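The sequence and the structure come first.

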Amino acid sequence: MFRKVSLALAAAVMMAGAAWADPIEGNWKTQAGDTAVIGGSGSFSITLKTGKYAGKTIGSLKAAGGNKYAGNITDPASDKTYSGKATLSGTSLKMSGCVLGGLICKSQTWHKL
């Protein structure tokens, strides 16, 4: 009996943990076709899991209210870091990196895996 209760409690705790996770956390398919993982609490780190730059951290974002995030994005090819932002819409994440105070920006859309 104790074993069944323990298993049920463990399952409930795991499901509750997933429910409390920020929606930006998880695996994302980048526009280039690579997989990136976003994780953390408070500050979210972006790391490439697959592709030419696998293992490289390419950004850090913090919640900026609602479905918006702000921080820094790094181009893995050049190692240049830009002011970044992300907007979550369902299973899509629009990522933008900007220079010159937001005058010149590049964007791409990632999809949740």
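The model is predicted, so local features need pLDDT of at least 70 and side-chain atom pairs count only at pLDDT 80 or more, while totals for chains, interfaces and linings use all residues. Residues are numbered from 1 along each chain as its sequence is written, and side-chain values use heavy atoms, with hydrogens and water left out.

**Overall fold**

The protein chain has one helix and eight strands, where helices (H or I, at least four residues) and strands (E, at least two) are DSSP runs numbered from the N terminus. Read from the N terminus on, the order of the elements is α-β-β-β-β-β-β-β-β. Of the 113 residues of the protein chain, 23% count as buried; buried means under 20% relative accessible area, exposed means over 50%, and partly exposed is in between, with a 1.4 Å probe and protein chains only. Among contacts (heavy atoms within 4.5 Å) between residues at least 6 apart in sequence, 22% join residues at least 24 apart.

**Nonpolar core**

In soluble globular proteins, nonpolar side chains tend to be buried together. Here the largest nonpolar core has 16 residues, and those with the most contacts inside it are I38, I46, L61, L93, M95 and W110. Such a core is a set of buried Ala, Val, Leu, Ile, Met, Phe, Trp, Tyr and Cys residues joined through side-chain atoms within 4.5 Å. At least two residues of this core come from each of strand 2, strand 3 (43-48), strand 4 (57-63), strand 5, strand 6 (81-89) and strand 7, and the largest share, three residues, is that of strand 3. With residues up to four places away in sequence not counted, L93 touches I24, W28, I38, A86, T87, L88, Q108, T109 and W110.

**Largest pocket**

Rolling a probe the size of a water molecule over the atoms shows where empty space is left. On a 1 Å grid over the protein atoms alone, a pocket is an open set of points where a 1.4 Å probe fits, with protein on both sides within 12 Å along at least five of seven lines, and its lining residues have an atom within 4 Å of a point. The largest pocket holds about 610 Å³ of space, a volume being the space filled by probe spheres set on the points, which are joined across faces, edges and corners. Its lining comprises 25 residues, of which I73, T74, D75, P76 and Q108 lie nearest the centre of the pocket. Two or more lining residues are given by each of strand 5 (68-74), strand 7 (92-99) and strand 8, and strand 8 gives the most, with six residues. By class, the lining has 14 nonpolar, seven polar and four charged residues; Ala, Val, Leu, Ile, Met, Phe, Trp, Tyr, Cys and Pro count as nonpolar, Asp, Glu, Lys and Arg as charged, and the others, Gly among them, as polar.

**Disulfide**

The structure holds one disulfide, a term used for a pair of cysteine sulfur atoms within 2.5 Å. This disulfide joins C98 to C105, with an S to S distance of 2.1 Å. The torsion about the S-S bond of C98 and C105 is about 110 degrees, so the disulfide is right-handed.

**Single residues**

| Residue | Relative accessibility | Class |
|---|---|---|
| C98 | 12% | buried |
| C105 | 41% | partly exposed |
| T30 | 8% | buried |
| T109 | 32% | partly exposed |
| D79 | 48% | partly exposed |
| G51 | 42% | partly exposed |

T30 is in the loop between strand 1 (26-29) and strand 2 (35-41), and beyond residues up to four places away in sequence T30 touches A36, L48, Q108 and W110. T109 has its place in strand 8 (residues 104-112); leaving aside neighbours within four places in sequence, T109 is in contact with Q31, S92, L93 and K94. The C-alpha atoms of T109 and Q31 are separated by 6.1 Å, although the two residues are 78 residues apart along the chain.

Most residues other than glycine have a negative phi. D79, which is not a glycine, has a positive phi of about 60 degrees, and D79 is found in the loop between strand 5 and strand 6. G51 is in the loop between strand 3 and strand 4, and G51 and A32, which are 19 residues apart in sequence, are 9.0 Å apart in space, C-alpha to C-alpha.
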